[in-house]
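Please look at the sequence and the structure below before reading on. The text then goes through a few parts of the structure one by one.

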Amino acid sequence: MANLKEIRNRITSIGSTMQITSAMKMVSAAKLKKAQDAITAMRPYSSKLTELLQNLSATLEGNTGGAYSEQREVNKVLLVVVTSNRGLCGGFNSSIVKETVKTIQSKYNNTEVDLFSIGKKGADVLGKEYTIIDNRNTIFDTLTFNNVAAIAEELMNLFVDGTYDKIEIIYNRFKNAATQIPMVEQFLPIEPIESDENVSLDYIFEPSKEEIILELIPKSLKTQLYKSIRDSFAAEHGARMTAMHKATDNATELRDELKLTYNKARQAAITNEILEIVGGAEALNN
């Protein structure tokens, strides 16, 4: 059994750890509320924009997406991997790393694949095995639509100029504080929209429907990337809050066990001292 001093030191150390994990939990909880409100408010807009684009596209014939919907043989793929810059968030980053490796091995085993990393943790791990053409880990410092739109434009240009034949986004979708769902979404080319129903829109278009669609497509792509990063940002804080909550609970349980061990050891030491005193007194009497 460890001596009393060692047990006291361990209790003190665990108490300090509890203070850190508890503080991190509260910080993540505060950030989660803001991030959750942002993604919750954005999802209806993103869905409505996609629905509008689909309704308009369904009334037109042929290729309505221009260069962004060009379907060509997939020889080179770019995966946009969204992780976090910091750790201590449970399996948040490892799930994206596993999903990325799984996607490459199952879908693009015989295809040239490059990575575009958003977040430091993904680049640190995946950079050992795969080529990372760029790493934008500062985007989370000022996560605004304009900053993300600039990245989206770069990705769109990489597709249009033929550098890559397909671009996909891999990120964690926020469900709740305890649940994050790894997602793989196609970014480019725009998937063909199929409609089994005759779409009848009683609208007057100015300018033409074709021009409106070509204007909406870049905005829709920028919104899709922004929503993905916003989703991942909210999921990160939810994962960290949950991880720190569990860490605090585990530290509390371990501290209580050590206190019990300490009390037992202290009681045993006191008992031994009493026995030694009684034994010494008996020896003197004899």
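This is a predicted model: local features need pLDDT of at least 70, side-chain atom pairs count only at pLDDT 80 or more; totals for chains, interfaces and linings use all residues.

Residues are numbered from 1 along each chain as its sequence is written, and side-chain values use heavy atoms, with hydrogens and water left out.

Begin with helix α4 (residues 145-160) and helix α5 (residues 209-285), whose axes come within 9 Å and cross at roughly 120°. Helices (H or I, at least four residues) and strands (E, at least two) are DSSP runs, numbered from the N terminus. Axes are lines fitted to C-alpha atoms, for helices over the stretch in contact, and angles run from 0 to 180 degrees between N-to-C directions. Residues that make the contact include Phe145 and Val148 of α4 and Pro218 and Leu221 of α5; contact means heavy atoms within 4.5 Å.

Next, find asparagine 93, which is placed in helix α2 (residues 92-107). Asparagine 93 counts as buried because its relative accessibility is 11%; buried means under 20% relative accessible area, exposed over 50%, and partly exposed in between (1.4 Å probe, protein chains only). Leaving aside neighbours within four places in sequence, asparagine 93 is in contact with Thr83, Ser84, Arg86 and Lys121.

Two strands pair if DSSP finds at least two bridges between them. Asparagine 172 has proline 182 in β5 as its bridge partner, and a hairpin links β4 to β5 through two residues.
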